[in-house]
Amino acid sequence: MFPCPACQGDVELGERGLAGLFRNLTLERVVERYRQSVSVGGAILCQLCKPPPLEATKGCTECRATFCNECFKLFHPWGTQKAQHEPTLPTLSFRPKGLMCPDHKEEVTHYCKTCQRLVCQLCRVRRTHSGHKITPVLSAYQALKDKLTKSLTYILGNQDTVQTQICELEETVRHTEVSGQQAKEEVSQLVRGLGAVLEERRASLLQAIEECQQERLARLSAQIQEHRSLLDGSGLVGYAQEVLKETDQPCFVQAAKQLHNRIARATEALQMFRPAASSSFRHCQLDVGREMKLLTELNFLRVPEAPVIDTQRTFAYDQIFLCWRLPPHSPPAWHYTVEFRRTDVPAQPGPTRWQRREEVRGTSALLENPDTGSVYVLRVRGCNKAGYGEYSEDVHLHTPPAPVLHFFLDGRWGTSRERLAISKDQRAVRSVPGLPLLLAAERLLTGCHLSVDVVLGDVAVTQGRSYWACAVDPASYLVKVGVGLESKLQESFQGAPDVISPRYDPDSGHDSGAEDATVEASPPFAFLTIGMGKILLGAGASSNAGLTGRDGPAASCTVPLPPRLGICLDYERGRVSFLDAVSFRGLLECPLDCSGPVCPAFCFIGGGAVQLQEPVGTKPERKVTIGGFAKLD
């Protein structure tokens, strides 16, 4: 390993070691010029002369030595190979005429941009550089010289800026020294405060132990005095012995009555001897494990680390919902700051201006009323007592191209409502074919028909632009998602006959999988056909999705089903667009008859499921009337 002089990183030299590296002839020339400037007037002596050496007049790059005239003729005899050596001016450093390849000992002639390495002709044809971008040395020389000259010119032209930054750095150094000294004093003061608290607590605990010790010693001393009174001829026993000598019976009874009680108590204490106090102080032991752990972990406050944006839960719909979390070992954050801006607006002179939301509690934020058809970039950082942490990585979110339409599913239209299971919140529907459809499929070749189950939205659009999104179960057999005229939908599906083909399009409306017929009038329906995890696009739709073949757009094609589908309706223009709701890439755009109220519609043939995207914010309910029924938006 060899330390890189530029970044101090370890460089593996390989088996050849330093021999596998190029000579830095430029640095050698710089060193030689410096030596010559230092030893101005100093003569270069012949390296082959006997002492005293003469002044050198010639040099030989091949021999790497300086010679006087006589020594040069002596070491380069006529008729030998050395006689072909070309003499040079005497010098202290000998360099080859050109930079040689360390692998093949040939002069380098090209530069490999991929490996960023000079190569010779042999290196160029080897497999090591096959497929690499290789240019002549002259081109690399000119390009690098131009870049270096431009950078150096910029630096030399901004010397005032360099000097200003140096002054700023010097001022920062002074502030760093002052701030460091203040930090040391603060830490010392806090540690001294901890020491004072510990000393105060130590004195209090020792005082409690001292009081307990004195109390026990007093009790033990009293017990010792009581037992000493029981010794022969002293104290209570001596008094009892004297009383026993009394012969006057009344006097004896008077004295012995109280004495007997004292003797009885002494006898009982003697028989059931137990020290009046324990000698152990185990109850005074301290448990300092937690405190020692806290002192061991005593460290400086750290700012929160950069939060990690939860891309699975962050999305833009009617509002922008941003969710994040802190890394596992990050210090906690008291609150967060969320910053956001639009990236599709013209840049203003000066620094980039962010809109900011301060002191956000929790790990999520809601940005209300974003502009439609825009791209927002968001970032977040945490804050605690130590200050603000680093920003998270920027996350870019596309807002829908039109205001979001809020509606619920209404299963009152259609012919086979018993096969449709709508969720309680009316935002999801599942088609359950059941046994009748299974039996019908078995007799399909004998003329049995399949039925279409339809679910409509409970809101009709009569003006402006609207957008909504939904997710289709990839395991669905065949689902059609789109819009249609309310009157035509009621007419077609309230008493519609069964259809024989899953590609049937009611009332000759537009279908992404229908036959490509040219109709002058706009169709009353516009559907996108989805089945088995694929989207079927008809003729002309493939070009809208960016799918073209060698000979132009294909007649029909399929594209993978995205996680969510978006539908954008432009009522005034009479156009409906189907989008990938994640990337907002266009899938299909087609005309639509908007001569009346237009409703969202979902058709099922066989099993399938659709889930409407939940709105981020709660919208007020608005009652509208569709076909005599009161609906809610």
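Analyst: Start with glycine 59, whose bridge partner in strand 4 is threonine 66. Strands here are DSSP E runs of at least two residues, helices are H or I runs of at least four, and both are numbered from the N terminus. This is a predicted model, in which local features need pLDDT of at least 70 and side-chain atom pairs count only at pLDDT 80 or more, while totals for chains, interfaces and linings use all residues. Residues are numbered from 1 along each chain as its sequence is written, and side-chain values use heavy atoms, with hydrogens and water left out.

User: How many bridges join strand 3 to strand 4?

Analyst: Three, and the two strands run antiparallel; strand 3 covers residues 58–60. Two strands count as paired if DSSP finds at least two bridges between them.

User: What sheet are they in, and what is the strand order?

Analyst: An open sheet of three strands, in the order 4-3-5, with antiparallel pairing. Strand 4 (65–67) and strand 5 (87–88) are at the edges with a single partner strand each, so one side of each has no neighbour in the sheet.

User: And what is the order in the sheet of seven strands?

Analyst: That open sheet runs 19-20-32-22-28-29-30, again with antiparallel pairing. Its edge strands are strand 19 (420–422) and strand 30 (586–591), each pairing on one side only.

User: Which residue stands opposite tryptophan 468?

Analyst: Isoleucine 567, in strand 28. Strand 22 (residues 465–472) and strand 28 (residues 565–570) pair over six bridges in the antiparallel sense.

User: New topic. How many cavities of 30 Å³ or more are there?

Analyst: The search of the whole structure finds three. A cavity is a set of points, on a 1 Å grid over the protein atoms alone, where a 1.4 Å probe fits but cannot get out; lining residues have an atom within 4 Å of a point.

User: How much space is in the largest cavity, and which residues line it?

Analyst: About 60 Å³, where a volume is the space filled by probe spheres set on the points. The lining includes Trp468, along with Tyr317, His406, Phe407 and Arg427. By class, the lining has eight nonpolar, two polar and one charged residues. Ala, Val, Leu, Ile, Met, Phe, Trp, Tyr, Cys and Pro count as nonpolar, Asp, Glu, Lys and Arg as charged, and the others, Gly among them, as polar.

User: How many disulfides are there?

Analyst: Zero, taking a disulfide as a pair of cysteine sulfur atoms within 2.5 Å. For cysteine 123, the nearest cysteine sulfur is that of cysteine 120, 3.5 Å away.

User: Is cysteine 123 buried or exposed?

Analyst: Buried, with a relative accessible area of 7%. Buried means under 20%, exposed over 50% and partly exposed in between, with a 1.4 Å probe and protein chains only. Cysteine 167 is partly exposed at 40%.

User: Which peptide bond is cis?

Analyst: The one from proline 51 to proline 52, with omega near -5°. Proline 52 is in the loop between helix 1 (25–38) and strand 3.

User: What about phi at glutamine 116?

Analyst: Phi there is near 55°, a positive value in a residue other than glycine. Most residues other than glycine have a negative phi. Glutamine 116 lies in the loop between strand 6 (110–112) and strand 7 (117–119), and is exposed at 63% relative accessible area.

Key
On a 1 Å grid over the protein atoms alone, a cavity is a set of points where a 1.4 Å probe fits but cannot get out, and a pocket is an open set with protein on both sides within 12 Å along at least five of seven lines; lining residues have an atom within 4 Å of a point.
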